[in-house]
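Please examine the sequence and the model shown below. The paragraphs that follow proceed from sheets to individual residues.

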Amino acid sequence: MQEQHEVVIVGAGPTGTMLAIELGRRGVDVRLVERRESRLRHPRAIGIHGRSMEMLRHIGLSDDVRRAGGLPAEQWSSAGYSTRLRDPSLGTVDMLATAERVAQARQISPELIGWCAQDIFETRLRRHLRAYPTVSVHYGVRVTDVVQDRDGVTLTGVDEHSGAERTVRARYVVGADGGRSLVREKAGIPSRETRPLGHQINVCFEADLAPFLHGRTHILYWIINADTQGAFLTYDGQRRWAYSWGYDPAVRSAEDFTPEHCTEVIKNAIGERDVDIDIDGIFFWRVESALSDRYREGRLLLAGDAAHRVPPSGGFGMNVGLQDAQNLGWKLHAVLRGTAGDGLLDTYEAERRPIAEETIEQTLENARRATEVGWIMEDPGQLAAIEDPGPAGERVRRRIVDAVPGQEPQYWSPGRQFGFVYRDGAVVPDGTEPPASTVTEYHPSGFPGARAPHVWLEKAGGERVSTVDLLHTDFSVLAGEEGRPWVDAARRAAASHGVELRAVVIGDCAEYTEPTGTWRTLYGLEPSGAVVVRPDGHVGFRARALTDPATAEKTLEEVFDRLLALRP
């Protein structure tokens, strides 16, 4: 008898594994398949944005990931620019340089950015999958075919060890299988790629570089000199490093980058010959972007790099994928359980594709701006002069120093991380416009489609709880002190729709209080107002005030119909 599953996810990188967790914690039967058997050879990403850390907080992993990463955000929060690693910094961009900036970050979210090398992060996510008995994981399986019909999808996979072929059935298949996605190919979905901005080589290595850091605790050390222009990335603040630089494949092939040659390049970047370099791996990649025309074709859906490839400037790639999983997880669950219409899955693309497009544009702008500080510097005269102690060198270095402050959007981006708004999808507009966030400025809002703002609440006895901790897995209602009718009506409407609901009143005599009195201001509510928040933490509906208690239940019945795609 052919094996059956509700969802099969192809690809167990961060996006696919997080989607399996999102579905597993809701009791969905999931099969996760991955061609790789071991952890990544190349750590790749390291930055986990605050919004993604909130997702990890929901599943009890944020503290574990921080410990595993070993790089406390308050200490490791900067990028520096030098001619060589041994030399003093020409300039620094520090996300959390001051107590005021740290306080600002903590006002936005209960979670700061987390640093954890992707190979370690994936290991933590995979280990956490064991908590969900409805999720089965199969490594060493190469999917060779994906065929959908009216009732489901048939996948064919080959065991990489035995060569045995096996087929399984699923109601839905999600391709989280990277930029060269087989699922996307079988779905017939085009992906529009930009011309590569450049070709890069990452060399992962171990070395004691502490003598050349001079006490600096940068995550990134940008290097600009006549011999090499690239960046050191620390993975543990101690011995694990990568050095990344550009190359022209028309001039040098991959075979030219032997371990011996790469060692010479790294020593040039350090500015020291007497250092032991132990190379772990060499990885070639292209600086490019891509965006799929669609995220869905029938029962086939795309997530992460299969749907979009985001340039690395700003560290958004993995984070956008994690948030795809957050958005898609609750929607697949609702459709599978029959509480939502099939059209809810169409809102996944309607909401997430514009965010990917905007993020790609921002990262391309970050990359363009990075040329101002010498990244991809092509003028041989300037490169030759950059280390000259005289006036010619001073002019080149001054150009870089003056351009460093303009790099801040690449590192400090709360408006992009928290301020994106779903305009078209599973939301009920209220006729207002949200305050516009920029890349570096986040303006919290209870506008439908926005991420519900973080506010510290107090329970009886003085325990502090973030609104973020109340807003996940199930639908939620937050109501002002005079909004009890919204809570009662929401519970009845949710019950009639077969969905779980958490509803709370926030006020002086309620279960939760908010001592500063700012939560209603942030959410744009009167004392009798309320918001309905979706399971992914985004506001689905806002009623600024309650005009007629008798109509509250009818209003919320219609709201849940809209949010669950049960009516237009």
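How many bridges join β23 to strand β26, and in which sense do the two run? The model under discussion is a predicted one. In it, β23 and β26 (residues 530-533) are antiparallel and are joined by four bridges. One of the residue pairs involved is Leu 478 with Val 531, the latter being the bridge partner in β26.

These two strands belong to an open sheet of four strands, ordered β24-β23-β26-β27, in which the pairing is mixed. From one strand to the next, the twist averages 15°. Helix α15, which covers residues 484-497, lies across β23, β24, β26 and β27.

The pairing of β21 (residues 456-459) with β22 is antiparallel and extends over three bridges. Within this pairing, Trp 456 has Ser 466 of β22 as its bridge partner.

Most residues other than glycine have a negative phi. Two residues may be considered against that background. Thr 473 has a phi near 70°, a positive value in a residue that is not glycine. Thr 473 is located in the loop between α14 (467-470) and β23 (475-479). Its relative accessible area is 22%, and Thr 473 is therefore partly exposed, given that the partly exposed class begins where the buried class, under 20%, ends. His 214 likewise has a positive phi, near 55°, and is not a glycine. His 214 lies in the loop that links β12 (198-206) and β13 (218-224). Because its relative accessibility is 52%, His 214 counts as exposed, the cut-off for that class being over 50%.

Is Tyr 243 buried or exposed? Tyr 243 is found in strand β15, which spans residues 240-247. Its relative accessibility is 0%, and therefore Tyr 243 counts as buried. The side chain of Tyr 243 reaches the backbone nitrogen of Gly 230 at 3.3 Å. A separation of 32 Å lies between the C-alpha atoms of Tyr 243 and Arg 353, which are 110 residues apart along the chain.

Terms used: Residues are numbered from 1 along each chain as its sequence is written. This is a predicted model: local features need pLDDT of at least 70, side-chain atom pairs count only at pLDDT 80 or more; totals for chains, interfaces and linings use all residues. Side-chain values use heavy atoms; hydrogens and water are left out. Buried means under 20% relative accessible area, exposed over 50%, partly exposed in between (1.4 Å probe, protein chains only). Two strands pair if DSSP finds at least two bridges between them. A polar contact is a pair of N or O atoms within 3.5 Å; within protein, one must be able to donate a hydrogen and the other to accept it, and residues adjacent in sequence count only if both atoms are side-chain atoms. Axes are lines fitted to C-alpha atoms, for helices over the stretch in contact, and angles run from 0 to 180 degrees between N-to-C directions. Contact means heavy atoms within 4.5 Å.
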